[in-house]
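Please look over the sequence and the model below before reading on. The report that follows takes up each chain and then the place where the chains meet.

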Amino acid sequence: MSRDKGFPWPRVLVHLLGVLPLASIFFAALTGRLTFNPIQDIEQRLGRAALYFLVASLAVTPIYTLTGWRSVLPRRRALGLYAFLYASLHFITFAVIDYGFDLREIGRLILEKPFILLGLTTGLLLLPLAVTSFDYFMRKMGKKWKSLHRLVYIAGVTVIIHYAWAKKGDLFALQGDILKPLLWGLLVVSLLVLRIPAVRRGVSGLRQRVAGRGKVLKSA
Amino acid sequence: MAGIVSAASLLAACGANATDPAGGSATQTPLADVPNTFEQITNYNNYYEFSTDKQAVNPLSANFRPTPWAVEVGGLVQNPKTYALEDLLRFEQVERVYRLRCVEAWSLVIPWTGFELNKLLAEAEPMTSAKYVAFTTLLDPEQFPGQSSPFYPWPYTEGLRLDEAMHRLTLIATGLYGESLPNPNGAPLRLVVPWKYGFKSIKAIVKIELTETQPATLWNTIAPEEYGFYSNVNPEVDHPRWSQRTERRIGELDRRNTLLFNGYADEVASLYSGMDLSVNY
């Protein structure tokens, strides 16, 4: 993929963003900026990082549809893998540090609390995607690879509900601490809508017409 | 594994205290409580009138004006009266070290100063028709930026049954650690009902009203199946979305088992005899 010209800044930028949440947790810990409930603070920071990267990976195709900017496409894999990394660290913090690896209690929580079950579901949906993210599997699985990786759309929905249910409020009644989950949810919905083939064709057709008109105007 | 190790060392780095005050595991007697530090108590606050971010409440509340202050006591009472803060400080001030258990499954131990609400209610003389006490927080979006959010039925309201309000544990706190009540904790005065989840203990009270019918309360209005009118701490009655079996005491690494009525069952269980606590949650 590395194609001659100069510094691969989009790739470097993605990796800088990728380590930023972890770095900011370390920075916060070393400078006393975590809350007085540090386990929960770390757990929530990791969860939010997973959300950000999952949404970023969902944004790649729509960004391409809207802008026609090709070099964004190869960044999707790294974004998805960072989402999985932070989701895993979030789960490990929950299970090992928060609940001290108390398997009985963790099992009860997963079975009794849909909010936790949905978080686990999101992580389990990302697991096969992370495992098959290598070129080897992409080649070997052919068409099946693409179908499998559509699971990320479901993960995009479950992660929002998991996030909303972690807060005091009712997302669907628009009551309580729901502003952030609501905005993230609307973003995910628009990213999914932009994937509907008809919408996508309409948008990229419009973009090409606009771009075409620009050229005509310039040449005139 | 690297993640586990690094996160654990982070916790050590940020000064979380791993030692259990009682030197035992999760099940503790209520007597084993050591008060949290002033810094912990005033920098980890749920006070949505300022912010939903617990750390942001302290800086955002810095310019809040707790004086002068007046509290209107009215409704079904023989002696309705508007009290200035100074009038209320004339009620016998006591120190009470109470556990505060948040519905979000964390807890603090706080050395409050204040007066028993029953002293004030006795002076107001509830009529025989009065069955409940309704409390209202100041409505002032200029001082409370969070009150500009359209997602809450502001102002904050809370309520108690009259016998709960008259109970000797029910406190109107006017201070903590011997100082006047800090802004992030609900200055100048707040309710403290130690056997109920923290959100019942309404802050910055401007109105206390005796009523015949059960008053509307903010969280019960937002999500009635999640936040009941009673909201007594009860490890057996889960919040539908998260478990109430355990809690994290701020400053500790291990979780503690949550106690029925937050460990005050001996004092308050009789208020609820014959009631099904899973129905009246």
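How many helices and strands make up the secondary structure of chain B? The secondary structure of chain B comes to 8 helices and 12 strands, and it should be kept in mind throughout that this is a predicted model. Chain B has 281 residues, of which buried residues make up 57%. When contacts in chain B are taken between residues at least 6 apart in sequence, 70% of them join residues at least 24 apart.

Strand β7 of chain B spans residues 171-176 and is mostly covered, with 6 of its 6 residues buried.

From β7(B) the pairing can be followed to two further strands. Strand β9 (residues 190-192) of chain B runs antiparallel to β7(B) and is joined to it by 3 bridges, with B:Arg190 in β9(B) as the bridge partner of B:Ala173. Strand β8 (residues 179-180) of chain B pairs with β7(B) in the antiparallel sense over 2 bridges, and in β8(B) the bridge partner of B:Leu176 is B:Glu179. The hairpin of β7(B) and β8(B) has 2 residues between the strands, and B:Tyr177 takes a positive phi near 50 degrees there. The table sets out the pairings just described.

| Strands | Sense | Bridges |
|---|---|---|
| β7(B) and β9(B) | antiparallel | 3 bridges |
| β7(B) and β8(B) | antiparallel | 2 bridges |

Is B:Arg256 buried or exposed? B:Arg256 lies in strand β12 (residues 256-257) of chain B, and because its relative accessibility is 5%, under the 20% cut-off, it counts as buried. The side chain of B:Arg256 is joined to that of B:Glu252 by a polar contact of 2.9 Å.

B:Asn63, by contrast, is placed in the loop between α3 (57-60) and β1 (70-75) of chain B. With a relative accessibility of 70%, which is over the 50% cut-off, B:Asn63 counts as exposed. B:Asn63 and B:Thr246 are 183 residues apart along the chain, and their C-alpha atoms are separated by 36 Å.

**Chain A**

The secondary structure of chain A comes to 10 helices and 2 strands, and along the sequence these follow the pattern α-α-α-α-α-α-α-α-β-β-α-α. Taken along the principal axes, the C-alpha atoms of chain A fill a box of roughly 70 × 45 × 40 Å. Of its 220 residues, 40% count as buried. Among the contacts in chain A with a separation of 6 or more, 62% are accounted for by residues 24 or more positions apart.

One residue of this chain, A:Gly185, has its place in helix α9 (residues 179-193). At 14% relative accessibility, A:Gly185 counts as buried. A:Gly185 and A:Phe94 are 91 residues apart in sequence, and 23 Å apart in space from C-alpha to C-alpha.

**Where the chains meet**

How many residues of chain B are in contact with chain A? There are 41 residues of chain B in contact with 40 residues of chain A, and the two chains bury about 3400 Å² between them, 61% of it on carbon and sulfur atoms. Across this interface the rule finds 6 salt bridges. A salt bridge is formed by A:Asp98 with B:Arg255, whose closest N and O atoms are 2.8 Å apart.

On the side of chain B that touches chain A, at least two residues each are supplied by α1 (2-13), α2 (38-43), α7 (218-222) and β11 (246-249) of chain B. The largest share of this side, 8 residues, comes from α1(B). By class, the side of chain B that touches chain A has 22 nonpolar, 11 polar and 8 charged residues.

Note on methods:
Residues numbered from 1 in each chain as written. Chains lettered and ligands numbered in written order. Predicted model: local features only at pLDDT ≥ 70, side-chain atom pairs only at ≥ 80, totals over all residues. Heavy atoms only, no water. Helix = DSSP H or I, 4+ residues; strand = E, 2+ residues; numbered from the N terminus. Buried < 20%, exposed > 50% of the residue type's maximum accessible area, 1.4 Å probe, protein only. Contact = heavy atoms within 4.5 Å. Buried area = accessible area lost by both parts, 1.4 Å probe. Salt bridge = Lys/Arg side-chain N within 4 Å of Asp/Glu carboxyl O. Nonpolar A, V, L, I, M, F, W, Y, C, P; charged D, E, K, R; others polar. Polar contact = N/O pair within 3.5 Å; in protein donor to acceptor, adjacent residues only side chain to side chain. Pairing = 2+ DSSP bridges.
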